[in-house]
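Visitor: I have a protein model open and would like to go through it with you. Could we take it one topic at a time?

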Amino acid sequence: MEKQTKKDIMFERMKEKKKEVRVVRRIVFIIALVLLIIIGIAGFQTYNYISNALEPVDPDSEEIITVEVPIGSSLDGIAALLEENNVIADARVYKYYVKFKNESEFQAGTYDLVQSMTLDEITESLKTGKVYHEPLYTINVPEGLTVEEIAENVIAKKTDYTSEEFLEKIQDPAYIEELMIKYPDLLTDEILGENIRYALEGYLFPATYPVYEENPPLTVLIEQMLDTTQANVMQYQPVLEEQKRSPHWLLTFASLLEEEATAQSDRQTIASVFYNRLEIDMLLQTDPTVLYAMGEHKDRLFNTDYEFEHPYSTYQNKGLPPGPIANAGLSSIDAVIDPAETEYFYFLADQEGKNHFAKTYEQHLVNRDKYIGN
């Protein structure tokens, strides 16, 4: 009986061990399954998080976020700065993305970024110092326009601002003072001269400008134009300093060429005419200055118009007018810097707008009779 009992006890123990093994296996299976589920969920969430971090923060955003990247900033610092300003979703993801793409040599500067920009657009901006982003629309400012024409034909037609609001802004003394501080080499005291009609006349560069907001502040539009003027004019600063000339002098001279010329070769030749006249203290006698002085458009000027007394009239005053009479394009600015070498002192345009040049007044009269009549 005792022997049988021991066998039974051993059998029972074996049954218990088998049961324990089955329970342990079931627990291990459950734990493993739970871990797999947790890992799967975590992996899915991580995948979603990284995918979202690689997309624009807000694809529909139009709000401009200004980010200042200091000189000497590291990639870690730039990524953190972008995340801090909510331009990117995650600094670490952006940092690894940039490294994966093997991008480098970011530039310090001030960037107007938007949350709808892709990581590639942001990266390209930081590499080139320019903002690469699809604009909502563009504004085209043609050559040869006065600020009044820009106000009426560009700003009032392409934005929600009226021409009066634009002109009021560019005549605001406090704003002009701010601009002079921001562009000290471009906007000098000459723009505040007693006879200057508009301080920014001739300084709003003709170009096509991208607009990233539905209705951006006027200051953004104005300073876009000034930025372009500065970029185009200040490249000639060494030449101007050597000749003891100012950007104001350059833009004033160039505006005369812009209003008179129709071709690049004409601009350079007309520039030589004006230089030749200035050298001997001869009146420039260019019709567009009379029209600007009178403040009106005419297809033809009469003798009484030439007698109109005004500081801008180059028929009444020697030298250049007090300031630009329109916005000049780069070709006109180039012509002032690099004029043709001629002995011409006179020119006139025929009915088709082609210019004819003469060395003497007698030759000029012959051209007048031949091309436009008495």
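Guide: Tyr346 is buried, since its relative accessible area is 15%, under the 20% cut-off. Please note that this is a predicted model.

Visitor: Where do Trp249 and Phe253 lie?

Guide: Both are in helix α10, four residues apart, which is about one turn of the helix. Trp249 is buried at a relative accessible area of 13%, and Phe253 is buried at 0% relative accessibility. Another aromatic pair is formed by Tyr346 and Tyr361; this one is tilted, at 5.7 Å centre to centre with 55° between the planes.

Visitor: Which parts does the pair of Tyr346 and Tyr361 tie together?

Guide: Tyr346 belongs to strand β5 and Tyr361 to helix α15, so the pair links parts that are 15 residues apart in sequence.

Visitor: Which residues form the aromatic cluster that has Trp249 and Phe253 in it?

Guide: That cluster consists of Trp249, Phe253, Phe274, Tyr275, Tyr344, Phe347 and Phe357.

Visitor: Changing topic: what is the volume of the largest pocket?

Guide: The largest pocket holds about 1,900 Å³ of space. Two or more residues of its lining come from each of α5 (147-158), α10 (247-260), α11, α12 (287-294), α13 (303-306), β5 (346-349) and α15 (361-371).

Visitor: Which lining residues lie nearest the centre of the largest pocket?

Guide: Of the 48 residues that line the largest pocket, Asp287, Pro288, Leu301, Tyr306 and Tyr315 lie nearest its centre.

Visitor: And what is the lining of the largest pocket like by class?

Guide: The lining of the largest pocket comprises 20 nonpolar, 14 polar and 14 charged residues.

Visitor: How many cavities of 30 Å³ or more does the structure hold?

Guide: The structure holds one. The volume of the largest cavity is about 40 Å³. Its lining is made up of Ile191, Ile196, Tyr198, Ala199, Glu201, Tyr203, His248, Tyr312, Gly323 and Pro324. By class, the lining of the largest cavity divides into seven nonpolar residues, two polar and one charged.

Visitor: Now to Asn276. Where does Asn276 lie, and is it buried or exposed?

Guide: Asn276 is in helix α11, which covers residues 264-279. With 14% relative accessibility, Asn276 counts as buried.

Visitor: What does Asn276 touch?

Guide: Not counting residues up to four places away in sequence, Asn276 touches Thr342, Glu343, Tyr344 and Phe345. A polar atom of the Asn276 side chain lies 2.8 Å from the backbone oxygen of Tyr344.

Visitor: And Asn85, where is Asn85 found?

Guide: Asn85 sits in the loop between α2 (75-84) and α3 (91-100). Its relative accessible area is 25%, so Asn85 is partly exposed.

Visitor: Which residues is Asn85 in contact with, its sequence neighbours aside?

Guide: Leaving aside neighbours within four places in sequence, Asn85 is in contact with Ile65, Thr66 and Val67. Between Asn85 and Thr66 the separation is 19 residues in sequence and 8.4 Å in space, C-alpha to C-alpha.

Technical notes: Residues numbered from 1 in each chain as written. Predicted model: local features only at pLDDT ≥ 70, side-chain atom pairs only at ≥ 80, totals over all residues. Heavy atoms only, no water. Buried < 20%, exposed > 50% of the residue type's maximum accessible area, 1.4 Å probe, protein only. Polar contact = N/O pair within 3.5 Å; in protein donor to acceptor, adjacent residues only side chain to side chain. Contact = heavy atoms within 4.5 Å. 1 Å grid on protein atoms, 1.4 Å probe; cavity = no way out; pocket = protein on both sides within 12 Å on 5 of 7 lines; lining within 4 Å. Points joined across faces, edges and corners; volume = space filled by probe spheres on them. Nonpolar A, V, L, I, M, F, W, Y, C, P; charged D, E, K, R; others polar. Phe/Tyr/Trp six-rings, centres within 6.5 Å; stacked < 30°, edge-to-face > 60°.
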